[in-house]
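Please look over the sequence and the model before reading on.

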Amino acid sequence: MPYIEFDSKYRTFTVMDIEHRQLIGIINRFFDEWVKSKSVDPLPYLIELAEYGHFHFDSEERFMAENHATDIEAHKLIHQQLLERLAQLVQRVERGEEVSMETFQFLQHWLMNHIAGVDRNSYGLLASKR
């Protein structure tokens with residue numbers, strides 16, 4: 001069973017769901033490898049997550065602009081803050097901090113609260129404008 005299930009509370013009913021599933025997939029692969037071997041190198045997973053996070057947030061911001069979202073600047077700021085927190089995690093791991101269950105709880109919270117809260121709210125505003 002995957003660490004994070006993409007269930008109905010995370011669906012935005014937009015093309016962004018494909019990218020959200022990709023982000024979840026990265027976290028799930030990382031978790032699966034960590035469970036198998038606590039000595040797994042976390043950096044490739046965290047770097048992949050950061051790189052895909054940049055791609056996704058750029059894509060999402062374009063999607064919002066194309067659909068004339070009114071809260072796009074606030075959304076961009078949240079994206080920037082999320083990426084900064086992820087970069088801080090990467091730096092801590094590079095300095096030798098161990099990955100723990102708390103790391104995965106942070107990643108789950110980082111991503112899933114954003115999708116279920118901010119994204120769904122923003123996309124709901126887009127739908128109501130049509």
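The model is predicted. The protein chain holds four helices and zero strands, and along the sequence the pattern reads α-α-α-α. The radius of gyration is 15 Å, close to the 14 Å that the globule rule gives for 130 residues, so the protein chain is as compact as a globular protein of that length.

**Overall shape and surface**

- The C-alpha trace of the protein chain spans about 50 × 30 × 20 Å along its principal axes.
- Of the 130 residues in the protein chain, 43% count as buried.
- The protein chain exposes about 7,300 Å², and carbon and sulfur atoms supply 53% of that area.
- When contacts between residues at least 6 apart in sequence are considered, 74% of them join residues at least 24 apart.

- Helix α1 covers residues 16-36, which is 21 residues. From its first C-alpha to its last, helix α1 reaches 31 Å, close to the 30 Å expected at 1.5 Å a residue.
- The buried residues of α1 are M16, D17, E19, H20, L23, I24, I26, I27, N28, F30, F31 and W34.
- Helix α2 covers residues 43-66 and has 24 residues. At 1.5 Å a residue, helix α2 should span 34 Å, and this agrees with its end C-alpha atoms, which are 34 Å apart.

**Aromatic rings**

- A pair of aromatic rings is described by the distance of the centres and the angle of the planes.
- A search of the whole structure finds nine aromatic pairs.
- One of these pairs is W34 with F104, which is tilted, at 5.1 Å centre to centre and 45 degrees between the planes.
- This pair links distant parts of the chain, with W34 in helix α1 and F104 in helix α4 (residues 101-129), 70 residues apart.
- Both W34 and F104 are buried.
- Y52 and F55 form an aromatic pair that is tilted, with 5.3 Å from centre to centre and 45 degrees between the planes.
- Y52 and F55 are separated by about one helical turn, because they are three residues apart in helix α2.
- F55 has a relative accessible area of 41%, so this residue counts as partly exposed.
- Ring pairs join Y3, F30, F31, W34, Y45 and F104 into a cluster.
- K38 lies over the face of W34, at 4.0 Å from the ring centre.

**Positive phi outside glycine**

- F13 is a residue other than glycine with a positive phi, near 60 degrees.
- F13 lies in the segment before α1. Its relative accessibility is 60%, so F13 counts as exposed.
- H68 is not a glycine either, yet has a positive phi of about 55 degrees.
- With a relative accessible area of 58%, H68 is exposed.

Notes
Residues numbered from 1 in each chain as written. Predicted model: local features only at pLDDT ≥ 70, side-chain atom pairs only at ≥ 80, totals over all residues. Heavy atoms only, no water. Helix = DSSP H or I, 4+ residues; strand = E, 2+ residues; numbered from the N terminus. Expected span 1.5 Å × (residues − 1). Buried < 20%, exposed > 50% of the residue type's maximum accessible area, 1.4 Å probe, protein only. Phe/Tyr/Trp six-rings, centres within 6.5 Å; stacked < 30°, edge-to-face > 60°. Lys NZ or Arg CZ within 6 Å of the ring centre and 35° of its normal. Rg over C-alpha atoms; globule rule 2.2 N^0.38 Å. Contact = heavy atoms within 4.5 Å. Areas by Shrake-Rupley, 256 points an atom, 1.4 Å probe, with all protein chains shown as cover.
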